[in-house]
Amino acid sequence: MSQPQMPGMPYAPAPQPQVFETSIDQPWYGINFGKAIERFFKKYVVFSGRASKSEFWWAMLFLILVNMAFSLLSNLTNSNGFIGFLSSAWSIAVLIPTISIGVRRLHDTNKPGLLLLLPYGLIVVGMIIAIVGGIGTFFFGLASVGGNRSAAAAAGSGVIAILFAVLLILAGFIVYVVLMCMSTDPAGARFDRAQVPAMNPMAPAAPMNAQQMQQQYPTQQPYAQAEQQQAQPYTPQTSQQPAEQQQAYPQAPSTDNTYTSNPGQPYEAPAQYPDAPESQQGQSGQAAQPNQPEQGFNPPFEDPRQ
């Protein structure tokens, strides 16, 4: 989304359109005028592969402009023979690449190139009938001047043949345009010389079957296996140590001033505190009294509620 332009600020230049160039063996969708003309002459006698709509119609526009230029020069030079010779030579020179690009355009629609014989056949047959009808009309018309009714009827048949030839030629051009305007079919890649996927993101994608979908989008595990794992109940993990080695938590102190250090055995206080060792005797050399608790000794647990 473009930012709003402030008053008095110069407008930023428009971004250049991105061009996705493909290899010479692949169709170029969205090609420009210059590249289309370049490919038209590079693939002069190449009847394999495909050609996009833009590649074909840019080439046709170029041929039409050149023919219009020759007609204009011929009128300006009063039908100069040299200009006429150049025009005829140009038409013969571009005949083969025009047929080849038409075949490639049919391949892009997934149609065989032999289908191009239909419009060309109508045009050629119409031209032959027009020539024959014109010759017959001319000669039989001259013969009918003397009042020959059969010659006049033959001249009339020649005129009808010319009209029919014009319809055939017109039908051939219509069929040609319809065939060249058909939509692109990705299945037409079967006509390519090398089965290489197109690198142009503007190209239509070919539909994939189930096997190709599985290869491009593999799943981590089948759905049946996933559902089976979800159906299993949860089992908590237990310690690997045996029950004898597991430490038992001490029981809470009871209200009768007994503390159980071991489960099931009450705490028994000693009858009297042990005598202090000789290292704890005073300076007078007298040992501590046996029933007197030494300094710093913690008495047993006393219930705070007493």
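Is threonine 98 buried or exposed, and what is its relative accessible area? Threonine 98 is buried, because its relative accessible area is 12% and buried means under 20% (exposed is over 50%, partly exposed in between, with a 1.4 Å probe and protein chains only).

Before going further, a word on the model. This is a predicted model, in which local features need pLDDT of at least 70 and side-chain atom pairs count only at pLDDT 80 or more, while totals for chains, interfaces and linings use all residues. Residues are numbered from 1 along each chain as its sequence is written, and side-chain values use heavy atoms, with hydrogens and water left out.

**Overall fold**

The protein has eight helices and zero strands; helices are DSSP runs of H or I with at least four residues, strands are runs of E with at least two, and both are numbered from the N terminus. Of its 306 residues, 21% count as buried. Contacts here are heavy atoms within 4.5 Å. Among the contacts with a separation of 6 or more, 65% join residues 24 or more positions apart.

Threonine 98 sits in helix α4, and serine 74 belongs to helix α2 (residues 53–76). Serine 74 counts as buried because its relative accessibility is 18%.

| Residue | Contacts (within 4.5 Å) |
|---|---|
| Threonine 98 | Phe40, Met60, Leu63, Tyr120 and Tyr176 |
| Leucine 63 | Phe40, Trp90, Val94 and Thr98 |
| Serine 74 | Ser79, Asn80 and Ile83 |

**The largest pocket**

The largest pocket holds about 630 Å³ of space. On a 1 Å grid over the protein atoms alone, a pocket is an open set of points where a 1.4 Å probe fits, with protein on both sides within 12 Å along at least five of seven lines, and lining residues have an atom within 4 Å of a point. Grid points are joined across faces, edges and corners, and the volume is the space filled by probe spheres set on the points. There are 17 lining residues, and Met60, Leu63, Thr98, Tyr120 and Phe173 are the closest to the pocket's centre. Helices α2, α3 (81–93), α4 (95–108), α5 and α6 each give two or more residues to the lining. Again α2 has the largest share, here five residues. By type, the lining residues are 14 nonpolar, three polar and no charged, where Ala, Val, Leu, Ile, Met, Phe, Trp, Tyr, Cys and Pro count as nonpolar, Asp, Glu, Lys and Arg as charged, and the others, Gly among them, as polar.

Asparagine 110 lies in the loop between α4 and α5. Asparagine 110 has a positive phi of about 65 degrees, although it is not a glycine. Most residues other than glycine have a negative phi.

Helix α5 (residues 117–143) has 27 residues and should span 39 Å at 1.5 Å a residue, which agrees with the 38 Å between its end C-alpha atoms; the expected span is 1.5 Å times one less than the number of residues. Its buried residues are Pro119, Ile123, Gly126, Gly133 and Gly136, and the buried residues of α5 pack against α6 (149–180).

Technical notes: Lists of a residue's contacts leave out its neighbours within four places in sequence.
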